[in-house]
Amino acid sequence: MRFSFSNFGRNRSTMATINTLEQYQQEYQKSVNDPEGFWAEKAEQFVWKKKWDSVLDWNFSEPKNKWFIGGKLNITENCLDRHLEKRADQIAYYWEPNDPHAKAVSYTYKQLHEQVCKFANVLKNNGAQKGDRICIYMPMVPELAIAVLACARIGAVHSVVFGGFSASALSGRIQDSDCKIVICTDGAYRGAKGIPMKDTVDEALEVCPSVEKVIVLEHTQSNIRMVEGRDVMWKNEMEKVNADCPAEPMDAEDMLFILYTSGSTGKPKGVVHTCGGYMVYTQYTFENVFNYREGEVFWCTADIGWITGHSYIVYAPLLSGATSVMFEGVPTYPDAGRFWQVIDKYKVNIFYTAPTAIRALEVAGLDFVKPYKLDSLRVLGSVGEPINEEAWNWYNINIGKGKCPIVDTWWQTETGGMMISPIAGVTKTKPGFATLPLPGVQPILVDDKGNEIIGNGVEGNLCIKFPWPSIIRTTYGDHERCRQNYFATYPNLYFTGDGCKRDEDGYYRITGRVDDVMNVSGHRIGTAEVESAINMHADIVESAVVGYPHDIKGQGIYAYVICTNKNKDQEALRKEILAEVTKVIGPIAKPDKIQIVSGLPKTRSGKIMRRILRKVAEGEMNNLGDTSTLLDPNVVEEIKAGAL
Ligand code: WT7
């Protein structure tokens, strides 16, 4: 197929293809009976520089998952260029600053296109080439989205690192993928706090020899150090370039980005997504799950540092030519009415947030909701962790006024897009249920031995048995790790790491992780990562970390630590541990509770019995289960007595 703009933008008042339950069932059946035909049809509405030769080549044993093989495209052409004909002056982003009195900014599609092209030229001027990895470490400013798209424009691979990570976490991620350039700001605002960014980058780069250039956006006008020959200012660089930057032709299976995420063991792994399948799947899910309609205003409150922001702030809304709100701040600043104020200000139609935010705002009380109309809202979304019934009901009644469908969307960094979710206005919802698989998604529950659990009213480990277009391709630099983590537990299945119930109606309810991964305020954190950070403390010989139910965060972090220094002041030790974890990972991984113990419950073979530690952390002292394999039962008695 020739490069052309003619085959896009079908003239529809709604972009969604699923508007009734029957349509959902038909699409679902087609996606299972003929996945290649199904996804080829979806892919055809994009601009391709060359059409694919074949749609799918896969096996879960290597694993190998390739979509739209031989196809050539550039995702930014689909996000930006193809909209210039019809929506050049439509707003792509309304940017709302942290401080409600600071200047709000908006970008039309034309302006965004121009900024992306210019910054893409800045990247080239600074040595970036196709395939190079570029680390982006920025707060939620429009230039973050611009930087992401500029990388994609020239075929460089972006690796966005959440701005809350520490210098050490940042350097680990930069080193793992040998980034050549880092893009950051001088500082960041977070509620009433100011946060250094460039200083953190400077510290991280002491151990990152691969980095040749740092591009710094001035945002907080903070005092920063500029390293001669390495550091350049965004603004100065932008003055040197023009806005002419042809989009690099990319193979459908060329890497689009790396995003690091925590697993149950070891260092965070770089999840790799590629250009073609990711583009097709994120747009399809965006339009259908939210039942997106032309002209609507969409707001996803996530940070672009996480997959939700990649897929549903940057790529999918732009692919659909939507207008999005991008928010720099936090839900409680200057007060707990901020989300609702912003919804009214921009007349948001579709609002997508996390249960942890809903719970925090519920606790703040209805006085913060009452001043706002919220009458523009049509669809509400939830993502990142299981939503409890109470929070679901509160969201439904007080925010949606009982008339907005709630889509509880289950998915993961590795899945690229939403997987199990209601379709707004189509699927009958049930509080706490992600409900039904989206077209293209074939879930299966298995027991611990890998046997399929058939029928309804059952519970098991959630796996997916067929590839969808935005399935993880590899973990950067270590394909074997990808195989081990996701495709080896149960042969020929993708294992999600989540436990799941399927009720009498065939509806799915995610029960949470079944591995050693915690979900704290929607942030995914490995217990092993926190343990290794704690163990850096000179007085700690060993530690064990587990998650426990937390009213607002979903899960809190409970650490059991063994201290060698018997004379150590306990409060001082706790403070030092928090500082250590903040230094190694970042404040999001700070334990909520630290219990100092003299030993950990272990089996005779030396394995920590986490099950017991979890029970104690949950406060279920009298229900510890089988303790007969314990090496030293006294340890458990001591731990129970000292539980926090
Ligand atoms: C883990 C993935 C999906 C983007 C944000 C998180 C949990 C996610 C839900 C939901 C219950 C959920 C799962 C999953 N999770 N959405 N709607 N209901 N649990 O991405 O950081 O890769 O975390 O978040 O446990 O495995 P992530």
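**Close-up views of a predicted model**

View 1. At 1% relative accessibility, S470 counts as buried (under 20% relative accessible area is buried, over 50% exposed, in between partly exposed; 1.4 Å probe, protein chains only). The model is predicted, local features need pLDDT of at least 70, side-chain atom pairs count only at pLDDT 80 or more, and totals for chains, interfaces and linings use all residues. Residues are numbered from 1 along each chain as its sequence is written, and side-chain values use heavy atoms, with hydrogens and water left out. S470 sits in the loop between β22 (458-464) and β23 (474-475). Helices (H or I, at least four residues) and strands (E, at least two) are DSSP runs, numbered from the N terminus. The S470 side chain reaches the backbone oxygen of T415 at 2.7 Å. This is a polar contact: a pair of N or O atoms within 3.5 Å, where within protein one must be able to donate a hydrogen and the other to accept it, and residues adjacent in sequence count only if both atoms are side-chain atoms. With neighbours within four places in sequence left aside, S470 is in contact with H273, G277, Y278, Y281, E414, T415, G416 and G417. Contact means heavy atoms within 4.5 Å.

**View 2. Helices α7 and α8 pack together.** Helix α7 spans residues 167-176 and helix α8 residues 198-205; they pack at an angle of about 55 degrees, axes 8 Å apart. Axes are lines fitted to C-alpha atoms, for helices over the stretch in contact; angles run from 0 to 180 degrees between N-to-C directions. The two helices, α7 and α8, are therefore oblique to each other. Under 35 degrees counts as roughly parallel, over 145 as roughly antiparallel, 65 to 115 as roughly perpendicular, and the rest as oblique. The crossing of α7 and α8 is right-handed (near helix turned clockwise from the far one by less than a right angle; anticlockwise is left-handed). From α7, A167, L170, S171 and I174 meet T200, V201, E203, A204 and L205 of α8. By class, the contact of α7 with α8 has six nonpolar, two polar and one charged residues. Ala, Val, Leu, Ile, Met, Phe, Trp, Tyr, Cys and Pro count as nonpolar; Asp, Glu, Lys and Arg as charged; the others, Gly among them, as polar.

**View 3. Buried faces of α12 and α14.** In α12, the buried residues are R338, F339, W340, V342, I343 and Y346. They pack against β4 (91-96), β16 (297-300), β17, β18, α13 and α14. Helix α14 (residues 389-399) buries A391, W392, W394, Y395, N396, N398 and I399. The partners of these α14 residues are α12 (338-346), β18 (350-353), α13 (355-364), β19 (379-383) and β20 (406-409). Just after α14, K401 takes a positive phi of about 50 degrees.

View 4. K347 lies in the loop between α12 and β18. Its phi is near 50 degrees, and it is a residue other than glycine. At 55% relative accessibility, K347 counts as exposed. T435 is not a glycine either, yet has a positive phi of about 65 degrees. T435 lies in the loop between β20 and β21 (443-446). With a relative accessible area of 0%, T435 is buried.

View 5. E62 and P63 are joined by a cis peptide bond, omega about -5 degrees. P63 falls in the loop between β1 (54-59) and β2 (64-69). From Y333 to P334 the peptide bond is cis too, omega near 0 degrees. P334 is in the loop between β17 (323-327) and α12.

View 6. S159 lies in β7 (residues 157-160). It counts as buried at 1% relative accessibility. Beyond neighbours within four places in sequence, S159 contacts I134, C135, I136, I258 and Y260. S159 and Y260 are 101 residues apart along the chain; their C-alpha atoms are separated by 7.8 Å.

**View 7. M138, a buried loop residue.** M138 sits in the loop between β6 (133-137) and α6 (142-154). Its relative accessible area is 1%, so M138 is buried. Not counting residues up to four places away in sequence, M138 touches E143, L144, V161, G163, I183, C184, T185, M197, L217 and W234. M138 and K501 are 363 residues apart in sequence and 38 Å apart in space, C-alpha to C-alpha.
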